[in-house]
Structure formats: C-alpha cells, structure tokens
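Here is a short report on one protein model and its ligand.

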Amino acid sequence: MPRVGGVVRPPGDKSISHRVLMLAALARGTSELTGLLTGADVKSSARVLRQLGVDVSVIRAGARVQVIGKRLTPHAARLHCGNSGTTARLMLGILAGQKFAATLTGDASLRRRPMRRVTEPLKQMGAEIQEKGDGLPLTIRGGKLRGLTYTSPVASAQVKSALLFAGLTGGVPVTIREPYRSRDHTERLLAHLGLGIHERNGAISYQPSATNIPSFEVSVPGDISSAAFMVAAAVLAEGGELLVENVGVNPTRTGFLAVLERMGAHVDRVNLRDEGGEPVADLVVRPAGLKGTEVSAAEIPTLVDEVPVLAVLASRAVGETVFREVGELRVKESNRLELVAANLRAVGTRAEARGNDLHVEGSDAPPRGRVETASDHRLAMAFAVHGTLAGADVRLSEKRSVAISYPNFFRDLKACFA
Ligand code: S3P
C-alpha cells in the first residue's frame with residue numbers, strides 16, 4: 001500500500017529564478033542569489049546573459065550565484081534559449097531597449113512556440129524585429145523606444161514581463177491590461193527594488209525614474225509548480241502525511257491548492273513568511289478522496305502549469321472534471337491539451353479535449369499503459385505521479401525532460417514513499 005511520509009523541498013521557483021538573473025544582470029554592481037533553480041531552463045537564461053557579456057557564476061545545487069551587472073554587449077552570433085519560452089520572451093523585452101541587433105533561437109520545441117504575442121507590442125514600442133512566421137529564430141534590433149499602453153489578448157506573464165522589461169531598459173512608461181491577472185513576480189520584484197511599478201483598476205504600469213537598478217540579495221522560494229507533483233502524490237497515497245517545505249504561495253500561483261480544496265483535499269499552509277516580497281509557506285498534505293470539479297477560465301492563469309497534474313488527480317476523482325478555456329496549453333512545451341487527453345486515454349481514463357475545454361472522467365481502475373511525454377517535463381512528472389498508484393503500470397516514453405524544471409524529481413518522489 002503506498003504510504004507517504006517525511007519532508008521534501010522543491011527546487012527554486014523557475015519564474016522567479018529567470019527574473020532575478022535578468023534583473024541582476026541589468027543592475028549596477030554585484031547581486032547575490034540563493035535558492036536559484038538549477039534546472040536547464042534557468043541555465044538557458046544564464047547562458048544567454050553570459051553571451052551578452054554578463055558575469056554569472058556557476059549555477060549548481062546549494063551554490064550562491066553571483067551576478068555582476070553591466071551594460072549588455074553582443075558577444076555571440078546567436079543567443080540560444082534552449083527549451084525555455086521564458087528566456088526567449090523576457091530577453092526580447094530586455095533586448096528591445098539595447099542599441100544592437102541580436103538573433104534568438106532555441107530547440108525544436110521552442111522554435112515552434114508563438115513569439116508574435118511579444119514581438120507585436122515591442123514593434124509598437126519601436127523595436128525593429130525581423131521574423132519569419134510566428135516563432136524563433138528572429139532578430140531584434142532595439143534602441144530608442146516609445147511608451148506603450150497595451151491590452152494583451154492573452155493572460156500571459158511572459159508577455160507582461162517582456163513589456164515591463166522593455167519599459168525598464170528603454171526608459172519609457174508602459175501600461176498593460178490582460179484578460180485575467182497572470183503571475184505577478186516581475187511586479188513584486190520591481191517594487192522590492194524600489195522601481196516605479198503600480199497597479200490601478202487591474203492595469204499594471206511602469207513609470208521610469210532616474211535611479212539605476214540597485215544590486216540586490218535575494219533568496220528564491222521553492223516552486224509551487226514543482227511542489228504540486230509531490231502534493232499530488234501525497235493526496236493520491238493511501239496513508240501518511242507529507243511536509244513540503246519552503247513553497248512560494250503567491251496568490252497568482254496557488255490556483256492548484258484552491259482547486260484541490262474544492263475536490264476534497266485540504267492542504268495546510270504553516271510557517272508563513274516573506275522572502276524578497278514573495279509569500280512562502282510549508283505545506284502539510286494528507287491523502288484524500290477526491291470529487292470532480294469545474295475549473296473556470298479565470299482560474300487558469302493561477303494554475304496554468306498544473307493542468308497536467310490536476311488532470312491526473314481528476315482521473316482519480318468521483319465524477320467529471322472540466323477545465324475551461326485551456327487552449328493556451330496547445331502552445332506550451334508540447335501540445336499539452338491534446339497530449340494530456342491522449343495519455344490519460346492511453347492509461348485507461350476517459351478524457352477528451354472539446355474545443356478549448358478539457359474533460360476528464362474519474363475512475364478507480366489502476367492506470368496501465370504507455371505515456372508519450374513528447375519531452376515535456378510537466379507531462380513526464382504528472383504521469384510519473386500517476387504511476388505511484390497501487391496496481392499502476394505507467395511507462396513513460398522518456399524521463400530526462402524533468403531536468404528542465406526539477407532535476408531531482410525522481411529522487412524526491414521516491415523519498416515521499418520511503
Ligand atoms: C511563466 C509564465 C507562464 C508559464 C511558464 C512560466 C513565466 O507562461 O506557463 O511556465 O515565468 O512568466 P505564459 O506567460 O505563456 O502563460
């Protein structure tokens with residue numbers, strides 16, 4: 001009988017890790033970063049910043065990372081963003097304010113992902129962009145920008161952050177509205193550094209000031225999107241209790257916990273504290289019986305990366321779960337909408353994408369079958385959790401992709417059941 005127990009500590013928050021590296025690169029002086037994610041995506045941001053002449057010390061587990069900010073200069077013909085959409089889109093914002101041309105590219109998955117959502121508003125600000133279709137590679141020549149007031153058609157923190165970074169590096173005001181509020185780590189960091197950011201009636205505005213970005217010290221909290229896999233494994237277990245330590249619980253990221261609560265699993269938040277402007281807690285999780293629920297379009301941005309693992313949880317609930325308006329999942333590291341549904345079916349669950357909605361029917365039969373991860377880290381981890389159920393036989397097409405956001409995923413998952 002799978003019983004959980006003990007303590008796990010998820011790796012550093014991926015979104016915050018990218019942002020602190022980039023802001024430290026733009027700051028005057030030496031910044032000290034601890035708790036940074038050591039996953040491949042964050043290393044992609046560090047690599048690109050080094051290609052632009054910034055000193056970033058080695059990123060390895062337990063190490064304090066030093067970044068010496070300086071004026072960016074082009075040191076490489078192509079900036080390689082690997083698998084990381086956050087690196088590509090946020091760097092486009094930063095490059096929009098630089099007076100040189102740079103070409104960005106990435107791996108096959110990243111080259112398929114849409115970039116126009118960022119390049120269109122950056123062009124409105126005055127950046128010159130040469131692109132072939134809606135994706136990488138593309139060349140950006142920044143320079144003298146003008147201010148922008150923009151209503152984004154998608155609730156995307158990457159779009160919002162790219163535009164705020166363009167305002168920051170170009171020294172121009174930017175106001176952004178989005179259909180639903182996306183994660184607000186960039187806003188919190190800018191406020192923490194004393195830069196001119198404010199919110200009014202749901203619109204986020206950056207107002208340039210004469211001051212430079214000061215160097216800073218920050219400790220990055222654990223990633224709730226990574227913690228979600230351990231939480232899910234504990235909810236699905238048949239006994240015991242798991243402590244998940246040092247998890248960022250920013251309200252723009254905790255939709256997963258809210259939906260779990262509705263499904264019947266209560267997760268206690270203890271030891272609440274603040275780290276660099278971000279709320280952090282330890283999570284206490286116990287197994288629970290689940291019931292289906294409806295996840296609304298407004299909730300999706302607060303749990304967008306947790307849909308695969310929530311769909312796995314939904315497959316164990318009584319009744320149907322519907323995720324509304326999850327079309328954005330088609331343009332993540334894989335077509336997550338179709339692949340979550342297809343993989344659930346492959347292991348014996350009724351699941352289907354209907355239009356932009358995802359429907360999952362709960363069942364208590366043990367999952368058995370082969371899962372195609374398409375090298376998508378979150379699909380690999382969600383279905384690895386599925387494989388922890390009693391009687392399960394879930395075979396993953398590959399496991400290496402977990403290194404993108406959670407290098408020690410399999411070690412930690414095993415430790416929960418030790
Ligand atoms: C992220 C924003 C989200 C999320 C991604 C990280 C960020 O993407 O899926 O994993 O760090 O800003 P979108 O902005 O495309 O929604």
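The shell around the ligand holds two nonpolar, four polar and six charged residues. Here Ala, Val, Leu, Ile, Met, Phe, Trp, Tyr, Cys and Pro count as nonpolar, Asp, Glu, Lys and Arg as charged, and the others, Gly among them, as polar. This is a predicted model, in which local features need pLDDT of at least 70, side-chain atom pairs count only at pLDDT 80 or more, and totals for chains, interfaces and linings use all residues. Residues are numbered from 1 along each chain as its sequence is written, and side-chain values use heavy atoms, with hydrogens and water left out.

**Ligand site**

K14, S15, R19, T86, R89, S156, A157, Q158, R183, V304, D305 and K332 surround the ligand. A residue counts as near if one of its heavy atoms lies within 4 Å of the molecule.

| Residue | Atom in the residue | Distance to a ligand oxygen |
|---|---|---|
| R19 | polar side-chain atom | 2.6 Å |
| D305 | N or O atom in the side chain | 2.7 Å |
| Q158 | backbone N or O atom | 2.9 Å |

Taken alone, the ligand exposes 390 Å², and the protein buries 94% of that. Accessible areas come from the Shrake-Rupley method with a 1.4 Å probe. Which elements give two or more residues to the shell around the ligand? They are α1, α3 (85–96) and α6 (157–170). The largest share, three residues, comes from α1. Helices (H or I, at least four residues) and strands (E, at least two) are DSSP runs, numbered from the N terminus.

**Sheet with β2**

Four strands form an open sheet in the order β3-β4-β2-β13, with mixed pairing. β3 (55–56) and β13 (217–219) stand at the edges with a single partner strand each, so one side of each is left without a neighbour in the sheet. Helix α1 (residues 14–26) packs on this sheet and touches β2, β3, β4 (65–69) and β13. Contact means heavy atoms within 4.5 Å. The direction of α1 makes about 40° with that of β4. Axes are lines fitted to C-alpha atoms, for helices over the stretch in contact, and angles run from 0 to 180 degrees between N-to-C directions.

Strand β2 (residues 29–34) runs parallel to β13, and three bridges join them. Two strands pair if DSSP finds at least two bridges between them. T34 has S219 of β13 as its bridge partner.

V58 lies in the loop between β3 and β4. Leaving aside neighbours within four places in sequence, V58 is in contact with R50, A63 and V65. V58 and M91 are 33 residues apart in sequence and 20 Å apart in space, C-alpha to C-alpha.

**Sheet with β6**

Another open sheet has four strands in the order β5-β6-β8-β7, again with mixed pairing. Its edges are β5 (78–80) and β7 (128–131); each has a single partner strand, so one side of each is left without a neighbour in the sheet. The twist averages 25° from one strand to the next. Strands β6 (residues 101–105) and β8 (residues 138–141) run antiparallel, joined by four bridges. L104 has L138 of β8 as its bridge partner. Helix α5 (residues 116–125) packs on the sheet, touching β7 and β8, and its direction makes about 145° with that of β7.

**Backbone details**

P137 lies in the loop between β7 and β8. A cis peptide bond joins L136 and P137, with omega about 0°. N271 lies in strand β15 (residues 268–275). N271 has a positive phi of about 60°, although it is not a glycine.

Terms used. Polar contact = N/O pair within 3.5 Å; in protein donor to acceptor, adjacent residues only side chain to side chain.
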